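Please take a look at the model below.

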Amino acid sequence: MIANNALIQEINNRKEEIVNDGYHQTILNIMYSYYVTKSYKENLDWFEQKFGTLAKFAVLIGKYNQQVCNGGHFQYYNNGYCDGIGGCLNEHDSHIPLHKELIELFNQSDLKDAVSLQVLKILESLHIELDEEEYIEEEIEDDYGEIEINESENPDYLEVINTSHLNHLDQLYYTYNEQFMEILEKYFKDKTTIKE
């Protein structure tokens with residue numbers, strides 16, 4: 001995975017921003033400076049077309065880190081960064097296609113050090129389980145001792161039910177995230193700096 005010329009040029013034009021925010025955050029800033037009123041996924045795809053796969057990887061892994069460090073893997077999923085739908089009020093794709101793309105791009109990267117490989121294992125362990133029972137059946141005994149089946153809507157329908165797994169992944173990631181962010185910063189600096 002290499003930086004394309006458009007990304008290198010844009011990074012070169014933001015030297016002061018890099019001093020304040022670093023290389024990785026600057027790539028995220030570039031994405032959001034071009035953000036238009038489409039979905040997160042549409043913007044991300046456009047960003048990849050203009051600035052390349054490395055830039056897309058930087059945004060995907062950056063948003064993963066920001067979301068998980070702010071509210072855990074549940075927030076990362078619930079805010080739509082796993083599927084690209086966006087927005088915490090929307091129903092999300094529990095197959096997490098953008099997260100799977102993040103894993104593919106991570107595997108294409110040169111990040112093969114011990115910390116990065118541990119983070120990759122955490123990424124690969126993420127899965128979402130939803131309560132798929134739309135109705136709840138409950139046995140009720142009437143005044144005559146007869147059993148009736150009462151069916152009602154399940155208030156937890158399509159809610160995440162494997163939160164203990166997500167919480168476990170949170171704790172694992174928090175043991176590596178600071179080191180991992182330092183590794184990523186060096187990685188994106190090396191990839192986007194013009195060699196003289």
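## The second largest pocket

The pocket's volume is about 160 Å³. Here a pocket is an open set of points on a 1 Å grid over the protein atoms alone, where a 1.4 Å probe fits and protein lies on both sides within 12 Å along at least five of seven lines; lining residues have an atom within 4 Å of a point. Grid points are joined across faces, edges and corners, and the volume is the space filled by probe spheres set on the points.

This is a predicted model, in which local features need pLDDT of at least 70 and side-chain atom pairs count only at pLDDT 80 or more, while totals for chains, interfaces and linings use all residues. Residues are numbered from 1 along each chain as its sequence is written, and side-chain values use heavy atoms, with hydrogens and water left out.

Helix 3 covers residues 40-51, and its 12 residues reach 16 Å from the first C-alpha to the last, close to the 16 Å expected at 1.5 Å a residue. (Helices are DSSP runs of H or I with at least four residues, strands are runs of E with at least two, and both are numbered from the N terminus; the expected span is 1.5 Å times one less than the number of residues.) Tyr 40, Asn 43, Leu 44, Phe 47 and Phe 51 are buried in helix 3. They sit on the same side of helix 3, because they cover an arc of only 100° around the axis. That arc is taken from the directions from the helix axis to the C-beta atoms. Buried means under 20% relative accessible area, exposed over 50%, and partly exposed in between, with a 1.4 Å probe and protein chains only.

The buried residues of helix 3 pack against helix 1 (5-12), helix 2 (15-33), helix 4 (53-78) and helix 5 (97-108). Glu 48 also belongs to helix 3, but this residue is partly exposed, at 24% relative accessible area. Beyond residues up to four places away in sequence, Glu 48 touches Thr 53, Lys 56 and Glu 101, where contact means heavy atoms within 4.5 Å. After helix 3 comes Gly 52, with a positive phi near 95°.

Ile 96 is in the loop between helix 4 and helix 5. Most residues other than glycine have a negative phi. Ile 96 counts as buried, at 2% relative accessibility.

## Aromatic pairs

How many aromatic pairs does the structure hold? There are 10. Rings of Phe, Tyr and Trp (its six-membered ring) pair if their centres lie within 6.5 Å; planes under 30 degrees apart count as stacked, over 60 as edge-to-face and the rest as tilted. Tyr 64 and Tyr 76 form an edge-to-face pair, since their ring centres are 5.0 Å apart and their planes are at 90°.

Phe 106 and Phe 180 are stacked, with centres 6.0 Å apart and planes at 10°. Phe 106 lies in helix 5 and Phe 180 in helix 8 (residues 177-192), so the pair ties together parts that are 74 residues apart in sequence. Phe 106 is buried at 1% relative accessibility, and Phe 180 at 0%.

## Ile 27 in helix 2

Ile 27 lies in helix 2 and counts as buried, at 0% relative accessibility. Leaving out residues up to four places away in sequence, Ile 27 touches Leu 7, Ile 11, Phe 47, Ala 55, Ala 58, Val 59, Phe 188 and Thr 192.
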